[in-house]
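This report concerns helix packing in a protein model. Please consult the sequence and the structure shown here.

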Amino acid sequence: MADITTSQHGQWSSRFAFILAATGSAVGLGNIWKFPYIVGQNGGGAFVIVYLLCVIGIGIPIMMAETLLGRRGRHSPINTMEILTTEAKADPNWHYLGWMGVVAGFLILSYYSVIAGWALAYTGKAFFGSFFGENPAGIASIYDNFIASPWQQVFWHTIFMTATMAIVVRGVESGLEKSARFFVPILFVLLVLLVGYAMTKETYYFQGLHFLFSPDFSKLSGDSVLVAMGQAFFSLGLGMGAIMMYGAYLPKDISIAKTSIIIAAADTVVALLAGIAIFPIVFANGLTPADGPGLIFKTLPIAFGNMTGGWIVGILFFVLLFFAALTSAVSLIEPAVTWLIEARKVDRYTACLWSGLLTWALGVAVALSFNVWSGFKLFNQNLFGLVDYVTSNLMLPIGGFCIAVFVGWIMKQEDSESELALSQPHFYKMWKFSVCYIAPAAVFLVFLHVVGVL
Ligand code: TRP
């Protein structure tokens, strides 16, 4: 059963295509919008170190595990898990792992699309010169007015969801693969350009670097460690079946280990560059790093409004943020779409229509939680905060935990060994040790700490 060599839904045309698509999935709002603001909220350098440890010790091994599951199953995560549980003669309940992933994908995309909508709206603002000569207070009030308008929130969210589904409907090669080819490299160049701008703010530049890289562990709480781990899962796009799905389209002869390391490295570099570009602007303008989800929308426009060439750089930046979000969004919904095709025997168009509509409806609720429904709070969070917390900090780590346990303890050793085909036996042993012990134990300990047992 697991000898299937290609997926019925298509296949990446080359190793490079897979790396681009998976990097496209990894690099997104998580790196540029979320990473800087949660670093800000969690005190800086110490958090960055914990984050990096999570990427190396948990993220890369789980990325390899998730990709190999996908390539072995060659179906949507739900059916892949069913096929592999049968193959391993394991408890059939394991296929609920696929289900949890699909649900997590819907939930994440519902708010992801709203924030990506902000990027689109800000492209328009940049184009019409709304940031010219504005001081930090002016930029903040542009943001506040924008967030307060339910119509604008729903409008931009709708446009983003439509764009996402327009790519997904085209399928693996002409949709997912093509869209990833250009955007990630250009985004990278732009970020370097913004870092260059940040460097001109000399003292603030060093203050920014200091904030990002000099650790003060007294600022680290148990919850910060959970947030760092959740962010590692979120940013690498792990724990919900997205990379499992991308693995299903991966040709047999491509090395899963090498590609995983390349993808994780690219993702981390982009997140750090975003931090290096943003914090000097935060400090230079007397803003607070702990400002929350609005951080990049309140800082970068100050730079665009006041630097030479800021008009064009501003437009380019938000356009590329939009494209980076787009190449991530497609991976969040692809598992649900392929499952509908497999299980309901519908065509891709119908599958896209229904899954897209469901996500859109959830997203409308999230969009309204910033304004008309902002009074509705659970655990002191609005709906956006709640969905974000539950998915990133609970569902993704639990999904990752189960993936590690399944691959480490349930799947036959010879199967994972042949799928990874590592050149050195001790690489395999290191990886196996991580998915059997380090990754599950780390997730478990962090959870124990957060619920107060540890
Ligand atoms: N990694 C993306 C980002 O950083 C978001 C994303 C894409 C994602 N696919 C995922 C998050 C799967 C969790 C799971 O913006």
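The model is predicted: local features need pLDDT of at least 70, side-chain atom pairs count only at pLDDT 80 or more, and totals for chains, interfaces and linings use all residues. Residues are numbered from 1 along each chain as its sequence is written, and side-chain values use heavy atoms, with hydrogens and water left out.

Two packed helices are described by the angle between their axes and the distance between the axes.

| Helix pair | Axis angle | Axis distance |
|---|---|---|
| α1 (residues 15–26) and α12 (residues 256–284) | roughly 40 degrees | within 9 Å |
| α10 (residues 222–236) and α18 (residues 425–450) | about 140 degrees | 9 Å |

The angle makes α1 oblique to α12; angles under 35 degrees count as roughly parallel, over 145 as roughly antiparallel, 65 to 115 as roughly perpendicular and the rest as oblique. In the contact (heavy atoms within 4.5 Å), Arg15, Phe18, Ile19, Ala22, Thr23 and Ala26 of α1 meet Lys258, Thr259, Ile262, Ile263, Ala266 and Asp267 of α12. Seven of these residues are nonpolar, two polar and three charged.

Helix α10 is likewise oblique to α18. Among the residues of α10 that meet α18 are Leu226, Met229 and Phe233. By class, this contact has nine nonpolar, two polar and one charged residues.

Ser25 lies in helix α1. Its relative accessibility is 7%, so Ser25 counts as buried (under 20% relative accessible area). Beyond its neighbours within four places in sequence, Ser25 is in contact with Tyr246, Thr327, Ser328 and Ser331. The side chains of Ser25 and Ser331 make a polar contact at 3.1 Å, that is, a pair of N or O atoms within 3.5 Å, one able to donate a hydrogen and the other to accept it.

Note on methods:
Axes are lines fitted to C-alpha atoms, for helices over the stretch in contact, and angles run from 0 to 180 degrees between N-to-C directions. Helices (H or I, at least four residues) and strands (E, at least two) are DSSP runs, numbered from the N terminus. Ala, Val, Leu, Ile, Met, Phe, Trp, Tyr, Cys and Pro count as nonpolar, Asp, Glu, Lys and Arg as charged, and the others, Gly among them, as polar. Buried means under 20% relative accessible area, exposed over 50%, partly exposed in between (1.4 Å probe, protein chains only).
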